[in-house]
Structure formats: structure tokens, C-alpha cells
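The entries below follow the order of my checks.

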Amino acid sequence: MKYKDCFRDFSRYASLNVLGMIGLSCYILADTFFVSKALGADGLTALNLAIPVYSFINGSGLMIGMGGGTRYSILKGQKNEAAARQAFAASVVLTVLIAGFFFLLGLFASGPLIRLLGADAAVYEMGKTYLQILLLFSPMFMMNNLLLCFVRNDGAPQRSMAAMIGGSLSNVVLDYVFMFPLGMGIFGAVLATGFAPIISMLILSPFLLQRRKGMRPEGQNGGRAGAPLRMARSLRKIPKGQFGYILSAGLPSLITEVSSGVVIIVFNFLILHLKGNTGVAAYGVIANLSLVVIAIYTGIAQGIQPLMSSAYGTGESGQVKIYLRYALISTLLLSAGIYACVFFGAAGIAAVFNSEKNAQLQSIAETGLRIYFTGCAFAGFNIILSVFFTSTENALPAQVISLLRGFFIILPAAFLLSALFGMTGVWCAFPLTELLVSAAAAGLYLRQGKGRKSA
């Protein structure tokens, strides 16, 4: 493949997935905007306390989707269609099992869970409502993530992007309708969010129903056998190691998403003690904007994943490096633009979500935005390298990167810096963590390159 073909494919896959991921991240951002207008600071606090659970749900779907999709793409590159179909079937089974667990939590444990996350009497009812409906819709969120990843890996990034954007636009429209004309409050906000993946899957359905595509159980041309029977036969043929491979390859995606939730929980805890509910509401502005920025980097990473996995499956290691180089350069350029917008537009960004014109909230959010987002370039670098390792069947370095940035450095840094410098220390924990992890990630990449040369 010529260099211009690599650039063309990178531009197509990355741009489509960035647009789609920005749209997908607007699930929660739209809620933040409308909740702030309708319910004020208490509504923002309730929403921010429930967001970490969304990270767990979304991360579980991405773990299976990215792990299964990577395996699927590599096997397709090796022309092993039967094993590729088995990878899809195994991914569906894992999604159903994990989504069932979240659904049961929504039925029986949403109240105790929102209290555990820090809700006081002022925000308990709103937080419980949002969290319960979010959990009950978890099968939809997870199945949508799974299908988006596989459709992308089956050569249809345009369809994947259309589904993500379509679902997100429906969320914005329904948010407004449910919360203002219908006056449904926070229940309307989360109901709109729950309907979004359903609409996304409806947009994907024409592609999935095409019989020529590979995401179908074995035996699809077997005559009169029904779909359930075909799926049962396919499942019996799945190698025992297939489930473990999918989970291992997708684990960095889960860690990345779950760690976002854990960080929000820890930051909420620290900020509650430093600045109370107003501080948590201000952090809600930063946390939700961060979801959008991280979604841009995730979009680039998910865009290059099918390309790198396919090239790796056919033994084209040179192409893999080309795609990685394009991704890193794009991340650096985008990060410069993002930080310039945040630095100079911090006051306006905070004001959009400060419907009550709370001076303390405005001040905390402005300062936090300018400090927190100095780490965005390093975060993008870490996300891209993590997906590079996963796409080339080298899951361990990706897991190390994800664990460092999600748990082992960010949490001690948050506690230590907040104790030393108060709110400024809280904001500094994120950029410091991403800087240290990027150094470790670069070391892992260089070590892998030396290992392959010596081999």
C-alpha cells in the first residue's frame, strides 16, 4: 500500500470516528446543560455523582467491543472467517452477561449506591432517579457500544459515525422536550439519554441485516434453521480461550473508562470537603467537558484500531507504524487547539453551565479549566499508545498504561496535592499524572521496538 493510501484511510477512519465520538460524548454533556438550566447547582451535583456509573457501563461495553473487534479484524485480515464469526458470537454472550448484572443493580440497589457515591439529603432523590434509569438502560448502552465497534471493524466507519451522531442528536432533542415542555425534570434527562442508544442501533440495523456481512452465526446459509439455533451451534464451536482473549485485549478500554469514573468519585469526595456542593457542581463542568475532549482522542484511537489490526494481521508492520505516526501528530495538533480554546474561553464555558450566576462556582470552574486541561496532550498520547499495543496483540503494556493513569498515579496524586495545595492541587493531579504516564508509555514503546529488532 502506498503512503497516500495509508493517509487516505487514516483520514477517513479517524475523522469519522472523532465526529462520532464527539456526538456520543454529548449524551452526558447535553444532560449537564439542560439540568443546569432546569435544576441549578443541586441538579448538577446529582448528575455528577451518578456519572461514574455511566463510565462503568460504557467501559464494559467498550471492553468487549474493542477486544472482540480487534480479534475480529485480525482474523478477517488472516482470512479466517469462521473464527471471526466466533469472536462476534463470544462478544455478544459477554455483553448479555455483564449488562444483566448492571440491570439487576438498577432494580435493587440504586438507592444505597447513590448514597455510597456521596449524595446528601438535598440531592438524594434526583441522584437516585438518574442512576436507576441509567442502570436499567445499561443493556442498550453496552449492546450499542459492541455493535458500533464491530461495524467499524467490518469496514463501515460511515455507518458507525452516523449511528453515534444520530443517537446523540436524538438525546439533545429529547432532553429539551422532556425537561422543558413536558417538565419531567431529571427523569426526563436520563430517559432521553437511555433512548439514544436505541436510536443508534436502529440506524445500524440495515447494515447488520445484510446477509453478506461476517457478523453472523455460522450456519447462516444452512437452510431452514432459525437464528437461535444457528447461534447455539456457533457458541458450541467457540474455543475456550476466545472469551479470555476478548476480555484481555479490551481490558485497557475498560480501565480507561472505569478509571474516569473512579477519578470523578475521588475528586467529588475531595472537593466536597474543600468547597461543598458548589465545588462539586463546578467540577461537573470540567468533568463533562473532559469527557468530550477525551472522546476526541478516543475517536482517533478507535479509528486507527481497525487499520492497525488489519495491517498487523497481514504482517504489514510498516503500515502499523505509519498509522501510529499519523495519529500522534493529529493528537498533538488537536491538543494545541483545544487548550487554546479552553484557556481563552474558560469564563464563557463556565458561564454556560452556571445558570444561577453563582460567583463562587464561576471562579472555581474558570481556574480549574485552565489548570486541568494542561494535561490533555499527554492524555491523548497515552490513549493512542494504549490502543496501538492492543491492536498488535500486545495487551500487557496497554494494561500497564491504563492502570497507571487510572489508578496507581492519579489517586495518590489527588490526595497528596489536595492536602498540600487545596483546590489547585486537585486540578494539578490530572496533568501531572498524564505527564508521568506518557514518559512510562514512551519507555514501553521504545523497549518493544528494541525487543523486536533483537528478535
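I began with contacts, meaning heavy atoms within 4.5 Å. Of the contacts in the protein with a separation of 6 or more, 81% are between residues 24 or more positions apart. The model is predicted, so I noted its limits: local features need pLDDT of at least 70, side-chain atom pairs count only at pLDDT 80 or more, and totals for chains, interfaces and linings use all residues. Residues are numbered from 1 along each chain as its sequence is written, and side-chain values use heavy atoms, with hydrogens and water left out.

Next I listed secondary structure as DSSP runs, numbered from the N terminus (helices: H or I, at least four residues; strands: E, at least two). The protein has 15 helices and zero strands.

I then checked burial (buried is under 20% relative accessible area, exposed over 50%, partly exposed in between; 1.4 Å probe, protein chains only). Buried residues are 58% of the 455 in the protein.

Then I turned to rings. Phe, Tyr and Trp (its six-membered ring) pair if their centres lie within 6.5 Å; planes under 30 degrees apart are stacked, over 60 edge-to-face, the rest tilted. I got 19 aromatic pairs. Why is the pair of F88 and F150 edge-to-face? The ring centres of F88 and F150 are 5.0 Å apart and the planes stand at 70°, so the pair falls in that class. F88 is in helix α2 (residues 81-108) and F150 in helix α5 (residues 138-153), 62 residues apart. F88 is buried at 9% relative accessible area, and F150 is buried at 0%.

I looked up Y283 and W427 next. Their ring centres are 6.1 Å apart with planes at 35°, so this pair is tilted. Y283 belongs to helix α9 (residues 240-313) and W427 to helix α15 (residues 423-454), 144 residues apart. Both Y283 and W427 are buried. I also noted one aromatic cluster of F7, F10 and Y326.

Charges over rings came next (NZ of Lys or CZ of Arg within 6 Å of the ring centre and within 35 degrees of the ring normal). The charged end of R115 sits over the ring of Y124, 4.0 Å from its centre. R370 lies over the face of F343, 5.5 Å from the ring centre.

Last, I placed F180. I found F180 in the loop between α6 (157-179) and α7 (185-208). Is F180 buried or partly exposed? F180 is partly exposed, at 35% relative accessibility.
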